[in-house]
Amino acid sequence: MSIQNNKLTKDQYEANFADIHPPYESITAAKVDANRCLFCYDAPCMKSCPTSIDVPKFIKQIATENIKGSAKTILSSNIMGAGCSKVCPVEKLCEGACVYNLLEEEPIPIAKLQRYSTEQAMKNNWKLFERKNSPSGVRGKVAIVGAGPAGLSCAHSLSKEGVDVTIYEKESKGGGLMTYGIAAYKVTPQFCEDEVNYILSIGGIEVNYNQELGKDISLAELKKNYDAVYLGIGVGVARQLEIPGEKLDGVADAISFIYDLRSKGYSSIPVGDKVAVIGMGMTAIDAATQAKRLGAKEVTMVYRRTEAEKPCTQHELDIAMLDGCEIIWLATPKKLKGSQGKVKQLVCSKMKLGEPDASGRRSPVDTGETFTLDVDMVIKAAGQVPFEKLVKKYKLDNKNGKLTIDKNCATNIKGVFAGGDAVNGGKEVVDAVQAGKDGALAILKYLNLSQA
Ligand code: SF4
């Protein structure tokens, strides 16, 4: 057993990380699907989209070959509509709500159609939005912390209204979770960079990279230099397992594993032969499938509840199973054993389901029985914890590190607003985009620039 990089050839890496959802090859193919749409009144697909994209309208525009109009319909509601078409769990959102499901027929491939229009917009650099001009000059200055989906969405909405925005981003690239935390076969690093550049092309948004709140910049400085501040800082720190052996070589956290894979390239990422992944959320699935695609011989996912309580979607689970990942339900890590500093075994407790917890899901209870897996790598994907220290340092109201905001997206500090994962603890990209829009509206109101 060994952990090493470069397990595959260049061609094998390229094949394993190729786009999982190939796009339409022609407008004719897109029109065939668009013409199946029933253009429902009060469309359930639109209602189930957190950003309320007018789905029947943009599909109709594709059917009539108005691709530019279609892209504008999508991006007016969701400026990250291109990325969301690749990463949204559409089976539980728009496509899951499509009326064709009730007829027991295939739903309209909304995401694929959305991808078609938005990629055309990016490829052709269509200028679909303009900044509002003010006869008296700039309409306010806002600082945004975090160039992830919430920050970018907030920045774009403010810029459209003529507000000057400066984003402070701790990484060297924008996009947040889209750029650093999602499997490369869903969305490539290059696509993410192109999408960020497309969003910024509206103008009026400056991004200062490698600038971390609490280290390179302070909240007091931002408050002093800007009319308002929006915190879209996300969640970042990986939850620890708090079990013996966690510091052994070969034990990694999923976010760092995926981050490295996307920022350093596939061939330079060491992966084991026998990999265990702890957790069953989207990040766990992305880590497991990518470990397999990097050349791991065996990947076993360990989850403390049953399939009925899994946090990932069935579609994601299917990807892991098709990739050959093994799943062990009702098990939780108890101890990691090693030799010469390297992880060799994962001891798990067998669980059973008890009473429902606060989330309404039945809680796992330790049965007292254990089993052992031989491993040479363990990837922890047991969730992320909010930036509790940072939030406390600035005396921002919070619940266990998650920022508390009122109905106007305002924190307890005057002029400081927040949204996205930093508030909700980690939801979908599309939820963060909507949070950014809500934050921008609240800031416009605060600056007396609201049209409402
Ligand atoms: Fe079209 Fe399905 Fe939406 Fe109806 S529910 S408008 S058929 S995509």
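Trainee: What makes a residue part of the lining of the largest cavity?

Mentor: A lining residue has an atom within 4 Å of a cavity point. In this predicted model, 15 residues line the largest cavity, and Cys49, Cys88, Val90, Cys94 and Gln114 are the ones nearest its centre.

Trainee: Why is it called a cavity, and how much space lies in it?

Mentor: A cavity is a set of points where a 1.4 Å probe fits but cannot get out. The largest cavity holds about 120 Å³ of space.

Trainee: Which helices supply at least two residues of that lining?

Mentor: Helix H6 (81-87) and helix H8 (110-123) do. H8 gives the most, with three residues.

Trainee: How do you know how polar the lining of the largest cavity is?

Mentor: Cys and Val count as nonpolar, whereas Asp, Glu, Lys and Arg count as charged. Sorted that way, the lining has twelve nonpolar residues, three polar and no charged.

Trainee: And what makes up the lining of the second largest cavity?

Mentor: That cavity, with a volume of about 100 Å³, is lined by 15 residues, with Cys37, Cys40, Cys45, Cys98 and Ile108 nearest its centre. Helix H3 (44-47) and helix H4 (55-63) each give two or more residues to it, and H4 has the largest share, three residues.

Note on methods. Residues numbered from 1 in each chain as written. Predicted model: local features only at pLDDT ≥ 70, side-chain atom pairs only at ≥ 80, totals over all residues. Heavy atoms only, no water. 1 Å grid on protein atoms, 1.4 Å probe; cavity = no way out; pocket = protein on both sides within 12 Å on 5 of 7 lines; lining within 4 Å. Points joined across faces, edges and corners; volume = space filled by probe spheres on them. Helix = DSSP H or I, 4+ residues; strand = E, 2+ residues; numbered from the N terminus.
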